Amino acid sequence: MTNKKKETTVIIGGGHAAGTLLTALLQKKYPNEVVLVSEEPHPPYQRPPLSKTYLAGEVDQTSLYLKSPSVYENAGQQLRLGVRVEQINRDDKNLILSDQSTLQYDRLVLATGSHVRRLNAPGSELKGIHYLHDIADTDALRSELAPGKRLVIVGGGYIGLEVAASATKQGVNVTVLEAADRLMQRVTGPEISEFFYAKHTDAGVDVRLDTAVTGFESDGKGRVSGVTLAAGGRVSADIVLVSIGVVPETALAEHAGLLCDDGIVVDEFTRTDDPDILAIGDCTRHRNLFFDKRQRLESVANAVDQARTAAATLMGEEKPYDSAPWFWSNQYDVRLQMVGLSQNHDQRVLRGNITDKEFAVFYLCEGCVIAVDAVNLPIAFMVGKKLVQQRKSISAKALRDLNFELKSLI
Ligand SMILES: Cc1cc2nc3c(=O)[nH]c(=O)nc-3n(C[C@H](O)[C@H](O)[C@H](O)COP(=O)(O)OP(=O)(O)OC[C@H]3O[C@@H](n4cnc5c(N)ncnc54)[C@H](O)[C@@H]3O)c2cc1C
């Protein structure tokens, strides 16, 4: 009798999507060999604390790891860390790695995430200009922050603002330069933007809206000393953080001829157009039955949900991705929780009082709740999650009325 050789599934990536997939395969007692290849030297880890508690020095590096390496290894899952996948050969079903070795696969999962968008402007190579995406980035930024230093943050999105909050608490003088006319414009509505504008300015941050950056000035010794503005003038800086968004990491997939469209295109089972290759997380433009069209999302919830879907697909189960996306951000004593996508709303309903710092904005489209942003109001987020998931129609009057128990809706 001949023993059938075990198949090998290779996961490329070391972020939330790759790590969650490993754990899900463990839980499901996946019968095949699993090898994870990540260019980062760490076991799979979570990024949100990089701009929050880890930057503030409140937690250590190991607390970022989704699991300790021994958990994977004891279960027979192999981690190949600090090694980059350079090429996918779909005809031979193998990968060329940066250590010159070749790795055979039967099934492949791309969890390559995203990389930061660079600001290519004069002076962008100067020392003291930072980006924030991995542990090494946070370590480098944190080592420069000190009371009295001048930090200029280019970009008023949630990562830039989380850093602004953390740095301000450490006594750093912070300026935020945002090209749009309000903060976090891409992800939230005007009420929330205004609330955070007030929160940051009250804390002493110099927030400048409608302010585009054209380049960086040098101190004559190769280090940044200022940021130049499109409208003329400059802002002095000892340290700069550029935080202007991310770009999906699709180079490997594109070179391998997989269908990409600002993200690796996958269906609701996380399958690419190659039946043996799946893709999950930030790197995908994906189908989620919850939406009419494909989306690209940058969030932990999306990475986790897609990883679980991929685990089911690898096990031969048919479990499509079908859930409302959600997200959070922590700034100062404020926890912002968001569910759904608000872009297509035709009505906004405010519940609570903004000055009480406990309120929620419900976004409605044709009477249905399509998104909720809750500030220090977890109950509104919890109920909102259900309402959005069920595409439930609710009267604006009830949502606004503080005597009306939100809990009664679920
Ligand atoms: C500072 C910061 C704060 C954040 N805060 C929040 C938050 O509060 N809430 C939230 O929901 N989301 C937050 N996010 C976003 C969230 O972390 C991402 O959406 C999530 O990490 C996506 O997971 P991923 O595994 O798809 O990709 P990533 O985490 O980007 O991981 C991709 C991995 O693939 C590796 N890789 C890429 N190409 C190769 C290759 N060729 N060979 C080998 N390895 C490769 C990369 O090195 C990386 O380890 C934050 C992100 C950052 C950077």
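These notebook entries cover the ligand site and the cysteines of this structure.

**Ground rules.** I am reading a predicted model, where local features need pLDDT of at least 70, side-chain atom pairs count only at pLDDT 80 or more, and totals for chains, interfaces and linings use all residues. Residues are numbered from 1 along each chain as its sequence is written, and side-chain values use heavy atoms, with hydrogens and water left out.

**Ligand shell.** I looked up what surrounds the ligand and found 36 residues, each with a heavy atom within 4 Å of it. The closest are Glu39, Glu40, Arg47, Lys52 and Asp282. By class, the shell has 16 nonpolar, 12 polar (Gly counts here) and 8 charged residues.

**Where it sits.** Domain 1 (8-115 + 247-314) and domain 2 (129-244) both give residues to the shell, so the ligand lies between them. I note that the domain bounds come from an automatic or database assignment.

**Polar contacts.** I searched for pairs of N or O atoms within 3.5 Å. A polar backbone atom of Ala17 is 2.9 Å from a ligand oxygen. For Val85, a polar backbone atom is 2.9 Å from a ligand nitrogen. A backbone N or O atom of Ala111 lies 3.4 Å from a ligand oxygen. On its own the ligand has 1,000 Å² of accessible area (Shrake-Rupley method, 1.4 Å probe), and the protein covers 97% of that.

**Cysteines.** How many disulfides does the structure hold? I found 0, taking a disulfide as two cysteine sulfur atoms within 2.5 Å. The cysteine sulfur nearest to that of Cys283 belongs to Cys260, 8.8 Å away. For Cys365, the nearest is that of Cys368, at 7.6 Å.

Methods. Polar contact = N/O pair within 3.5 Å; in protein donor to acceptor, adjacent residues only side chain to side chain.
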